[in-house]
Amino acid sequence: MERAAVSWRGALRTLGERGLIATGVPSFSRAAMRDDALVLAYHNIVPDGAQPCGDRSLHLPQRSFAEQLDWLLDGYDVVPLDRVLPSDAPRARRPRVAITFDDAYRGAVTVGVRELVRRGLPATIFVTPAFVGGKTFWWDALTPRDADGLDATFRARALDEFQGDDARVRAWSRANGSAEQPAPDHAVCASEDELCAAARQPGITLGSHTWSHRNLVRLDDAELGDELGRPLAWLEERFGTVSHWISYPYGSYDARVAQGARRAGYSAGLRIDGGWVRGAARDPFAVPRLNVPAGLSIDGFILRTAGLLCR
């Protein structure tokens with residue numbers, strides 16, 4: 001009965017989304033937003049024919065990603081991340097959109113980048129150096145095989161009590177008898193060589209997602225400084241020109257974190273939620289994004305990128 005109810009709710013949502021698109025409201029909404037900008041937050045891209053794993057919401061099929069990119073090309077100006085904040089530029093014809101990826105999954109760095117380059121689109125990939133070289137992320141490894149994602153209580157405790165620290169979360173999980181799940185090649189962190197290959201592509205920029213993806217608001221000042229400073233130095237040493245924006249792990253930040261990011265040499269910081277940029281120039285260290293979950297239909301994507309039903 002529960003599965004049938006979920007199916008009916010999904011069908012009703014699909015009909016509602018299609019009906020709203022048919023009214024033409026998204027086109028009017030998009031036109032009204034032409035002086036605004038949207039930063040999209042992606043994670044992994046699953047190659048055609050491969051199976052998703054781990055936290056399913058983070059692993060978007062390649063075909064869906066390609067369909068979304070084609071829609072963006074039709075209705076938006078896809079720009080580098082540095083061009084999304086409000087400026088004194090002349091009134092725009094279409095809204096600006098910047099594409100970002102968190103975590104530097106291998107699927108995003110290889111398959112995702114190929115889809116972008118094929119269309120001449122820019123993007124920024126935020127890297128966590130401690131995981132570079134084929135390591136898995138705890139939220140994927142600890143998601144049960146038959147589940148779509150982590151239990152909310154488990155996740156909350158992992159982020160709060162264990163600071164989102166990969167080693168501590170895994171140790172706690174093992175102590176409670178939980179088994180880790182293997183990850184396919186596309187769902188591990190990319191290698192340094194793969195990052196180099198991506199960074200050589202036109203329009204592709206690398207940025208910092210901190211050193212080891214810990215919950216920044218739970219760290220003391222010394223730990224915070226290390227998490228913020230080390231990745232920027234690591235990136236600049238290996239890739240030369242890198243983005244000085246930072247993507248906060250888990251979207252978790254506060255005034256102290258923002259101040260630490262500024263001191264570490266960053267110029268702006270990204271949340272994981274919030275939708276359209278609007279007045280973010282007043283606080284460049286809290287720039288909102290629209291997260292794109294893997295289960296989002298193309299109709300849902302159209303509505304959310306038009307400023308409707310954002311979450």
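1. Contact here means heavy atoms within 4.5 Å. Leaving aside neighbours within four places in sequence, Ala 187 is in contact with Asn 44, Cys 53, His 59, Tyr 105 and Asp 140. Ala 187 sits in the loop between helix H7 (166-175) and helix H8 (192-199); helices (H or I, at least four residues) and strands (E, at least two) are DSSP runs, numbered from the N terminus. Ala 187 counts as buried because its relative accessibility is 1%, the classes being buried under 20% relative accessible area, exposed over 50% and partly exposed in between (1.4 Å probe, protein chains only).

2. On the basis of the note: this is a predicted model, in which local features need pLDDT of at least 70 and side-chain atom pairs count only at pLDDT 80 or more, while totals for chains, interfaces and linings use all residues. Residues are numbered from 1 along each chain as its sequence is written, and side-chain values use heavy atoms, with hydrogens and water left out.

3. Overall content. The chain holds eleven helices and ten strands. Of its 311 residues, 52% count as buried. Among contacts with a separation of 6 or more, 71% are made by residues 24 or more positions apart.

4. Nonpolar cores. A nonpolar core is a set of buried Ala, Val, Leu, Ile, Met, Phe, Trp, Tyr and Cys residues joined through side-chain atoms within 4.5 Å. The largest has 69 residues, of which Phe 101, Trp 138 and Leu 195 touch the most other members. Helix H9 (residues 221-239) gives the most to this core, with six residues. Another core, of twelve residues, lies apart from it and includes Val 39, Val 79, Leu 270 and Val 287.

5. Leu 195. Not counting residues up to four places away in sequence, Leu 195 touches Ala 104, Val 109, Val 127, Val 132, Ala 190, Leu 206, Trp 234 and Phe 239.

6. Positive phi. Two non-glycine residues deserve a look. Asp 103 has a phi near 90 degrees and is placed in the loop between strand S5 (96-102) and helix H4 (106-119). His 213 has a positive phi of about 60 degrees and lies in the loop between strand S7 (204-208) and H9. Asp 103 is buried at 2% relative accessibility, and His 213 is buried at 3% relative accessible area.

7. Largest pocket. A pocket is an open set of points on a 1 Å grid over the protein atoms alone, where a 1.4 Å probe fits, with protein on both sides within 12 Å along at least five of seven lines; lining residues have an atom within 4 Å of a point. The largest pocket has a volume of about 350 Å³, a volume being the space filled by probe spheres set on the points, which are joined across faces, edges and corners. Its lining has 19 residues, and His 43, Asp 55, Ser 57, Leu 58 and Arg 155 lie nearest its centre. By class, the lining has eight nonpolar, seven polar and four charged residues (Ala, Val, Leu, Ile, Met, Phe, Trp, Tyr, Cys and Pro are nonpolar, Asp, Glu, Lys and Arg charged, and the others, Gly among them, polar).

8. Cysteines. With a disulfide taken as a pair of cysteine sulfur atoms within 2.5 Å, the count is zero. Cys 189 is buried at 0% relative accessible area, whereas Cys 196 is partly exposed at 23%.
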